[in-house]
Amino acid sequence: MATLSAAWMYQDRGLGPVDYSDDFITRKPNFNRFQTSFLGSFPTGILQTRFRLNNLLRRTSSVRRIKCEKNDELPEYVSVERPPYYSYFDSASGQLEPASGARASIPGEEYWPEGTASRVRAARAPEPTGESTGSPSYGKHPGSRRKKYKASVRARSSEVSVESSASLEPEVSEDATEDPKESSSEYVVYETESKAEGETEYELDKKLGRPHPFIDPKVRKPIEEPLSSEELWWNWRKSDKEQWSRWQRRRPDVETVFLKAMAETGQIKLYGEHPTLTETALYRARRHLFKEERLKAEQERLERIGPIAYYSEWVKAWKRDTSREAIQKHYEETGEDENTQLIEMFCHQTDREYRIMMGNDIRIKRDPLAMRLQEDQIKQIWGGDPVYPTVNYIQDPDEVIDYRGPDFHEPTPNMLDYLKEHGKVISREELEEILAKEKTEEVEMTDMDEAMAQAVDIGEKDEEGEDSDLDADADDEEEKITRNWSVLKSTPQLQKSKAKPKKDGPMSLEEAVDDSENLTDFLLDFDEED
Amino acid sequence: MAISVPLHQLTYSFFSNPQGQWKWCAKPSYSFSNNSQNNIRAIKASVETPPFPLFQNPKLEETPADGLEPADPDFYKIGYVRSMRAYGVEFKEGPDGFGVFASKDIEPRRRARLVMQIPLELMLTIRQKLPWMFFPDIVPLGHPIFDIINSTDPETDWDLRLACLLLYAFDQDDNFWQLYGDFLPNADECTSLLLATEEDLMELQDPNLASTMREQQKRAREFWEKNWHSGVPLKIKRLAHDPERFIWAVSIAQSRCINMQVRIGALVQDANMLIPYADMLNHSFQPNCFFHWRFKDRMLEVMVNAGQHVRRGEEMTVNYMHGQMNDMLMQRYGFSSPVNPWNVIQFSGDARIHLDSFLSVFNISGLPEEYYHNSKISSDEESFIDGAVIAAARTLPTWSDGDVPLVPSIERKAVKELQEECRQMLAEFPTTSKQDQKMLDSMKEPRRTLEAAIKYRLHRKLFIDKVIKALDIYQDRILF
């Protein structure tokens with residue numbers, strides 16, 4: 001009662017901690033209907049008080065203030081990172097090392113698959129300890145193992161149930177308590193006395209921490225004859241027998257073969273015959289770095305001297321000054337800016353130079369500094385020819401097989417030339433000629449032509465023979481050429497060289513030599529010549 | 001939203017007993033407020049602390065202050081072996097029965113904390129609707145119990161089905177319920193009114209409830225007689241040799257059944273479940289915990305509310321039934337509470353009080369469905385407000401019309417009328433609350449059902465008392 005009135009008084013006076021600065025504090029006699037919502041906890045365990053209305057209450061209630069809600073937020077719990085018990089920073093390498101060395105640490109809970117956390121928690125839950133005094137009744141007496149029931153059973157002393165439970169107990173007790181308790185009764189306690197007598201001095205030393213040999217001298221067995229190298233299971237030495245199968249040879253790897261070749265040419269020095277993994281990795285890294293360096297240097301050079309100067313390396317025909325000042329001057333003079341001059345320069349580039357510059361053509365070696373692997377070394381890495389794998393097949397290594405020509409990428413033939421070849425199309429001039437001929441000399445010329453055509457030049461035998469041979473050859477070759485029309489197109493001189501002997505008369509020696517296919521042409525009528 | 005009301009963990013009336021035995025274990029026990037008007041005071045026996053604990057062996061308390069002893073270790077062990085787990089809680093037994101108590105502090109977290117998990121294999125579950133499916137499926141196909149279950153009415157006889165299943169489980173070898181049944185309250189301890197005698201029902205002083213219970217008893221007995229007649233095979237007969245056992249099983253089924261919507265496999269179903277350890281949780285109107293069905297591995301999880309601060313030794317409670325009066329609680333579970341915020345008084349007449357002012361007098365906020373006491377507004381310790389006041393706020397006839405202010409004189413008149421009605425209702429009872437209390441005090445070893453019945457009417461009267469008092473306070477505080 002006293003507390004209650006004090007509480008009421010307190011409520012009136014002790015308004016210190018209450019925050020007035022909040023918004024709606026009204027002194028209106030009306031209770032406004034602000035309804036706020038949040039979670040509040042009321043102190044528990046309050047002694048009950050007798051609630052009494054008194055005048056005090058009435059007086060204080062009139063001055064009662066309405067308090068406002070304060071929102072006390074729960075402190076945000078920042079998750080503390082899992083302490084790295086399973087890894088540490090290796091002092092040697094500076095890398096994160098797993099402590100056990102076997103594997104990386106198992107990822108934390110955030111990464112476990114669904115349901116693992118609950119299973120782990122279930123598995124980690126401690127086993128219940130404690131032994132029960134009662135025993136199960138297996139459905140016969142529900143509630144028999146409750147404590148209060150047991151008390152009342154004892155009081156009421158129903159003999160039947162007690163007896164039955166007593167009789168059940170010895171049988172059931174083993175079943176009731178599950179495994180862990182039984183095992184303790186089955187342990188036999190060994191005496192520790194006997195061991196103390198049987199301790200040798202060696203064991204004593206060991207136990208007491210005094211210096212002792214590794215092996216108990218009484219137990220130690222003498223070292224036997226060492227095993228021969230064949231018997232050793234970790235036989236390091238190479239066997240003297242030759243390998244009975246090629247499959248036992250060293251497996252080639254790109255890196256190792258390259259390195260071996262480089263060592264043979266003397267570019268690098270290896271420790272032994274074959275490069276080790278370390279050396280392989282080392283030289284690979286070095287190659288990579290060198291390549292990067294080289295590329296960077298090239299880029300830097302390009303930036304430094306400007307594109308025209310840089311690319312003029314591949315345009316031999318560009319003799320002008322390519323420095324920046326010259327370009328600037330040229331620009332001022334002619335108004336052609338750098339790009340235009342660059343285009344101008346590239347117009348002077350030949351296609352071979354272009355292909356060298358682009359580096360796409362495999363026939364042109366890109367890097368003169370590239371190490372040439374020997375054939376067997378190449379075969380080790382990339383394998384031999386898949387079609388003709390045997391050694392006996394000899395090919396001319398420099399022969400360009402199946403080279404279709406520089407415009408092979410345009411497989412569509414030039415139709416006009418093809419048609420011309422086959423006589424389907426004639427040029428305009430020829431057509432006009434023919435038309436002109438047709439109009440004017442129709443009747444007369446044909447007789448003359450026919451006569452001229454039919455006339456056989458009866459010359460000397462040699463000439464005849466040559467002529468006929470030449471004619472035959474020319475015919476043959478013409479036919480040949482007409483079949484390989486593309487070859488004909490690419491080598492225009494073929495046409496001309498064959499067309500010549502028809503027009504001219506007897507040839508000079510040079511012409512004859514030029515004209516002949518090979519020297520066998522002259523072998524025909526050799527005995528006739530003198 | 002939690003109603004902040006002073007609660008005791010367990011309220012006991014410790015009565016000196018010449019025999020010195022504690023015999024009252026009401027199951028399910030419940031927690032209610034201590035603010036009853038009578039002189040019930042929880043006597044806290046002070047524990048003697050040794051003066052110099054360093055020099056003496058720490059003594060294990062045999063009987064702790066509240067009379068709570070740890071439950072039989074086998075109780076948890078039989079579940080643990082079958083992969084049931086309890087995290088941070090322990091089972092204690094007191095004079096009123098079992099309870100689940102926190103064994104360590106639980107900080108308020110955004111996430112609900114898991115406290116117990118019980119696998120499906122330990123439960124007895126029947127789907128509520130046809131076809132009745134059992135999880136786990138312990139009923140063999142040809143067993144006559146199956147026919148008995150089939151013969152029940154799908155709408156209403158869920159408790160009979162569960163009772164049959166429970167009895168069958170008791171009979172089945174290596175069923176968990178054979179072991180767990182030893183910890184269920186037996187017929188003497190069970191407070192369910194199904195086991196009540198006629199005089200207990202008369203003590204209720206509530207004719208409706210009494211008649212309902214009589215009907216239920218009749219129904220159960222008839223069911224037993226129909227299905228356990230003398231010609232029935234032994235398989236069935238040995239399940240329930242006498243009707244009392246069957247009625248006990250029905251009472252257990254009714255009071256400990258948890259109705260949940262669970263998903264098993266692809267099927268989402270409403271199921272009546274008897275869940276072993278979760279039914280040891282007691283009821284509270286401001287519960288700590290709730291049930292959650294984990295579909296993934298078919299576990300029922302008992303989880304602490306998110307943001308709930310649980311101290312060590314606090315009782316874990318669940319809301320059994322939401323929004324029901326004391327008589328429903330009594331009918332189904334066999335207990336009642338004076339602070340039931342859903343208690344209803346039927347007022348006749350036109351008297352109405354202003355709702356908003358009533359609520360603000362007592363600092364009750366929230367929607368009508370979820371009134372709670374907003375203790376942040378009222379910083380002083382008001383131990384008066386509890387569930388009963390909230391129930392009063394709900395059940396008193398009120399008017400509320402926007403901004404229209406109340407007229408104090410009319411309000412006072414209304415208050416007086418309502419109080420008069422309440423007093424009339426109190427007068428209608430044959431006994432007063434004081435007499436009831438005295439009766440409870442004086443009874444030495446009452447039957448559980450009798451005790452529960454007396455408590456029921458006591459709580460009813462306390463509630464009406466509280467309503468009167470609340471109206472008094474309201475009357476005082478109208479004018480500011």
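1. Over all chains, the structure holds 31 salt bridges. Keep in mind that this is a predicted model.

2. In chain A, the side chains of A:Arg304 and A:Glu300 meet in a salt bridge, with N to O at 3.3 Å. The two residues are about one helical turn apart, because they lie four residues from each other in helix 10 (residues 277–305) of chain A. A:Glu300 has 40% relative accessibility and so counts as partly exposed.

3. Chain A also has a network of salt bridges, which links A:Arg294, A:Glu298, A:Arg301 and A:Glu313.

4. In chain B, a salt bridge joins B:Glu199 and B:Arg447, whose closest N and O atoms are 3.6 Å apart. This pair links distant parts of the chain, 248 residues apart: B:Glu199 is in helix 5 (residues 198–203) of chain B, and B:Arg447 is in the loop between helix 13 (433–442) and helix 14 (448–477) of chain B. B:Glu199 counts as partly exposed at 45% relative accessibility, and B:Arg447 counts as partly exposed at 37%.

5. B:Asp279 and B:Arg256 form another salt bridge, with the closest N and O atoms 3.0 Å apart.

6. Turning to the strands, chain B has an open sheet of three strands in the order 1-3-4, with antiparallel pairing. Strand 1 (69–70) and strand 4 (97–102) of chain B are the edge strands, each pairing on one side only. Strand 3 (residues 89–94) of chain B is joined to strand 4 of chain B by six bridges. Within strand 4 of chain B, B:Ala102 stands opposite B:Val89.

7. Strand 9 (residues 267–274) of chain B pairs with strand 6 (residues 124–127) of chain B in the antiparallel sense, over four bridges. Here B:Leu124 has B:Leu274 as its bridge partner.

8. Strand 9 of chain B also pairs with strand 8 (residues 257–264) of chain B, again antiparallel, over eight bridges. B:Met273 in strand 9 of chain B stands opposite B:Ile258. The two strands form a hairpin with two residues between them, and B:Gly265 in the turn has a positive phi of about 65°.

Definitions and conventions: Residues numbered from 1 in each chain as written. Chains lettered and ligands numbered in written order. Predicted model: local features only at pLDDT ≥ 70, side-chain atom pairs only at ≥ 80, totals over all residues. Heavy atoms only, no water. Pairing = 2+ DSSP bridges. Salt bridge = Lys/Arg side-chain N within 4 Å of Asp/Glu carboxyl O. Buried < 20%, exposed > 50% of the residue type's maximum accessible area, 1.4 Å probe, protein only.
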